[in-house]
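Me: I am new to this. Can you show me how to read a few features?

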Amino acid sequence: MKSDFPNKLKRTKNFVLRVSGIFIIVFFMGSCGKAQKGSSKMMEYDTSPVDKVYTQLDTENSRWFLFSSACRPFGMVNLSPDTQVGGAWGSGYRYKTDTIKGFSHIHGWQISGLSVMPVSISKENKNAIFTDFYSKFSHETERAVPGYHSVELEKYGIKAELTSTKRVGFHRYSFPSEGKPALLFNLNGVLGPCENRNGTLAKINDNVLTGEFEMAPTHRRPKPFKVFFHVEFDSRIDSIIQDERTHNYLVFTDQSEKAVKLKAGISYTSIKNAQKNSTTELNHWDFEKVVEESKEEWNSLLGRIKVSGGTETQQRRFYTDLWHALQGRRIINDVDGSYPDNTGDSFSIGQLPLDVKGKPKFNHYNSDSFWGAQWTLNTLWGLVYPDIKEEFVHSLLQYHKDGGLVPRGPSGGNYTYVMTGASSTPFIISAIQKGIVKDSLRSIYNAVRKNHMPNGVMEKAGYEHNTNLGGGFKHYLEKGFVPYPIPEGKFGGHQDGASLTLEYAYQDWTLAQLAKKLDQEEDYRYFLDRSNNYKLLFDQESGWIRPKDSDGDWMENYDPYLYENGFIEGNGAQSTWFVPHDIVGLAQLMGGVDKAVEKLDNQFKVAEKLDFTSGNSHDVEMHPEYSRVPINYGNQPSIQTAFIFNQLGRSDLTQYWSRKVVDAVFSGLDPSTGYNGDEDQGLMGSLSVLLKMGLFQMNGGTEEDPEYQLGSPIFDEIEIGLHPDYYPGGSFIIRTENNGGDKWGVKNAFLNGEMIQKMAIPHSQIIKGGELVMEFKEN
């Protein structure tokens, strides 16, 4: 799982762009304010990938875990400013809010905490500081790049700078000459998705504080979850005051020291481990060194893909999307492999397996659902980041060892039952089919299979913690479909029977592929048969997937453009195409391939008028103006549709419409746009990257020797570094000729000099390395 890949990449010819002597210049040119929307051809600037990332993309539509700045990839700490603190939606860093309410360390799926606010105390504000501490700031003086964030707090005249390691937040504050420097520790109160409560803080010596607080349960995370912290200052702690009303703490530092640094290590297991995390990862006070190391770590990941050509804006957006693909999901284990286990009746501390050096063999994660990952993370991580994908597979299986089920979105060391189905199944199976996970396959199969049977996660609808009826699974087993409405009543979120049926059928097909690989013939035929259940909901008369009630009768007055009318976060027109394992079979139900192509092409023509999305953010999808869009590239249910044409022999339409989608949905580079809907945790960033590289996997890469469908790459050259611990080929290069402008159609494609007839390449061929040349035609 761990490897020397970053060092190996450094030895690979021209792979990671290196920066020498210009870091400070580029660094302060980084993501600040609105980006320029250049349209000229991109010059090959001597900048590294991280310098091209625009951190504030889409932050007018941000949610708690979407924005990151002063953090490491998947870091337990995700340190950044909070301008909004109430609720999981519309909170965290929101670009249009000009007031900072604290710098907090934890921004993850249903978790938050350790908010610190530097203040300058005077006679005028000392009595009200616990409730009146917000400060205005300006984007004009703000700097935000991966691994570093700085702002100037106008109320106090304080410059705040942030960076971090994986588990330690590192702060540097420059206080004004007037007033007493102090730090407000807001350990109690609402912060993002949950309330922080029972917060305590203790002074250990003149430079060290320790403490803990509890994240209260949420609708999605059913159990409380503790955070422990260890804070060190480089100046003397003068005094501490606890407020009787808020129960929060004001920490005064040496009044003569106007430059103050602090390191805050966190843990979800103990104060002792918070200290261990801190001393292991950050045993010095060199702030610039940590910023540079953070940049290098980001570059080691972003630099696995090198693009040439296109405009400056296209390159910046590409690396911003790639950066988002590595965001949101957070490590929860300590450096020694200790982790919080909340899957049982009582809280316990688990231990990850260790290697010969005493380090964890993999990390354990807090994560949103893998709902939609079959078209995003499965492909991108599986090809470019197999080491990361393997870690996540082992983390999911660790939950199975502890709690008996493979989760679909764990938080607080426990199950959340976020979204629906068994979305981890295709994620895990794709890792096996690509040779990333090779050992203990039969035990993995049994673990995954459990979710597809009674008492597995398929039975539970979204956030259904104490019952197992919301998923309508017993009806699926008995009748082949989930009725809408589910006759037993309302038990969880997303009890939309038609979507549930489609999802279960696809996931059953992926499980059948693993059964086939392991010679489980009876299981293979059983789950393959279940994968055809989608056909039971295809209405020949209307030509759409249509909900049925528990008696098997079609929904009356069915409107396929009505949002969430038996479908999850979408409508029937979008969701009818959710048969990624049998597109040709679906086409036959529609009257043949030609009719299916015509139907989908017409949907794209209508969707184009609405820019292929339901508005520009997830919270407006239900608006009548947006909810009737027939194809929505702002949410997961229909993001595969442009590549359906490839499956039906019309690769030209795949090229045409995928380019149109890129232009309309994934080309902006400013705070007001970006993902135009539900970005979740890197899913839409991953999709954007794949569309721009012209690579896609319709069934999530779950078949034997997974196939990559080819689209219309937007760059002159794309070089993918293949991880040497997993794949032997060194690098795979996609080169385009006569690309750019209005040229989107591929005339010919050559793999290692041989013309290919089908716009698809098997995984086994790509990982050998080589070059794909795509000749574009005049349109």
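Reply: Strand S2 (residues 78-81) and strand S4 (residues 103-108) pair in the antiparallel sense, over two bridges. Ser80 has Ser104 in S4 as its bridge partner. This is a predicted model: local features need pLDDT of at least 70, side-chain atom pairs count only at pLDDT 80 or more, and totals for chains, interfaces and linings use all residues. Residues are numbered from 1 along each chain as its sequence is written, and side-chain values use heavy atoms, with hydrogens and water left out.

Me: What does pairing of strands mean?

Reply: Strands of a sheet pair through backbone hydrogen bonds, either parallel or antiparallel. Two strands pair if DSSP finds at least two bridges between them. Strands (E, at least two residues) and helices (H or I, at least four) are DSSP runs, numbered from the N terminus.

Me: In what order do the seven strands form the open sheet?

Reply: The order is S1-S2-S4-S5-S11-S17-S16, with antiparallel pairing. Strand S1 (70-71) and strand S16 (237-242) are the edge strands, each pairing on one side only.

Me: Is Asn699 buried or exposed?

Reply: Buried means under 20% relative accessible area, exposed over 50%, partly exposed in between (1.4 Å probe, protein chains only). Asn699 counts as buried because its relative accessibility is 12%. Its place is the loop between strand S28 (695-696) and strand S29 (707-710).

Me: Which residues is Asn699 in contact with, leaving aside neighbours within four places in sequence?

Reply: Contact means heavy atoms within 4.5 Å. Asn699 is in contact with Tyr506, Trp509, Thr510 and Pro580, leaving those neighbours aside.

Me: Why does Gly489 count as partly exposed?

Reply: Gly489 counts as partly exposed because its relative accessibility is 27%. Gly489 lies in the loop between helix H10 (473-479) and helix H11 (497-517).
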